[in-house]
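Here is my note on the model you sent over. Have the structure open as you read, and take the points one at a time.

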Amino acid sequence: MHYHDSTDSEFMTDLRSSAPEMVDAFFGFDKAVFSQKHGNLSASVRELIAVAVAMTTQCPYCIDIHTRKAKQTGASQAEIAEAVMIAAALRAGGALTHGWLAMKVFNDE
């Protein structure tokens with residue numbers, strides 16, 4: 001599903017060897033965020049949030065990974081669709097409220 005070449009992930013070794021502490025810190029943080037050892041949200045809710053955020057960041061890797069994980073943790077297709085539509089509503093709302101700035105700039109001239 002990714003937009004990038006299927007071999008792109010091979011460059012993770014370059015990233016890790018060039019900045020090992022930072023890459024390890026990122027993966028440690030990611031692991032902690034999605035761990036069931038911390039927090040109150042279920043694994044399914046965490047993954048549905050991740051799906052919605054992935055829609056807003058438009059990261060194809062995140063969309064792929066977190067949609068699969070949401071399904072694995074018990075999220076239904078309808079729940080994933082709802083998360084997508086919530087993300088769409090927030091992006092549209094952001095465009096609308098940024099439109100206020102356009103109107104302000106237009107009227108300031």
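1. Start with His66, which touches Phe34, Glu47, Ala50 and Val51 once its neighbours within four places in sequence are set aside. Contact here means heavy atoms within 4.5 Å. His66 lies in helix α4, and it counts as buried with a relative accessibility of 11%. (Buried means under 20% relative accessible area, exposed over 50%, and partly exposed in between, using a 1.4 Å probe and protein chains only.)

2. A word on what you are looking at. This is a predicted model, in which local features need pLDDT of at least 70 and side-chain atom pairs count only at pLDDT 80 or more, while totals for chains, interfaces and linings use all residues. Residues are numbered from 1 along each chain as its sequence is written, and side-chain values use heavy atoms, with hydrogens and water left out.

3. Now the overall plan. The protein has 5 helices and 0 strands, and reading along the sequence gives α-α-α-α-α. Helices (H or I, at least four residues) and strands (E, at least two) are DSSP runs, numbered from the N terminus. The radius of gyration is 18 Å, well over the 13 Å that the globule rule gives for 109 residues, so the protein is more spread out than a compact globule. That radius is taken over C-alpha atoms, and the rule is 2.2 Å times the number of residues to the power 0.38. The C-alpha trace spans about 50 × 35 × 30 Å along its principal axes.

4. How much of the protein is buried? Of the 109 residues, 18% are buried. Among contacts with a separation of 6 or more, 48% come from residues 24 or more positions apart.

5. Next, look at α3 (residues 43–57) and α4 (residues 60–72), whose axes come within 8 Å and cross at roughly 160°. That makes α3 roughly antiparallel to α4. Axes are lines fitted to C-alpha atoms, for helices over the stretch in contact, and angles run from 0 to 180 degrees between N-to-C directions. Angles under 35 degrees count as roughly parallel, over 145 as roughly antiparallel, 65 to 115 as roughly perpendicular and the rest as oblique.

6. Which residues of α3 and α4 make this contact? From α3 come Glu47, Leu48, Ala50, Val51, Ala54 and Met55, and from α4 Cys62, Ile63, His66, Thr67, Lys69 and Ala70. By class, there are 8 nonpolar, 2 polar and 2 charged residues. (Ala, Val, Leu, Ile, Met, Phe, Trp, Tyr, Cys and Pro count as nonpolar, Asp, Glu, Lys and Arg as charged, and the others, Gly among them, as polar.)

7. Helix α3 also packs against α5, at an angle of about 40° with the axes 8 Å apart. The two helices are therefore oblique to each other. Here Leu48, Val51, Ala52, Met55 and Thr56 in α3 meet Glu79, Ile80, Ala83, Val84, Ala87 and Arg91 in α5. This contact has 8 nonpolar, 1 polar and 2 charged residues.

8. Helix α5 covers residues 77–108 and includes Ala88. Ala88 is partly exposed, at 37% relative accessible area. Ala88 and Thr56 are 32 residues apart in sequence, yet their C-alpha atoms are 7.5 Å apart in space.

9. Finally, please check Gln58, in the loop between α3 and α4. Most residues other than glycine have a negative phi. Gln58 is not a glycine, but its phi is positive, about 60°. Gln58 is also exposed, with a relative accessible area of 53%.
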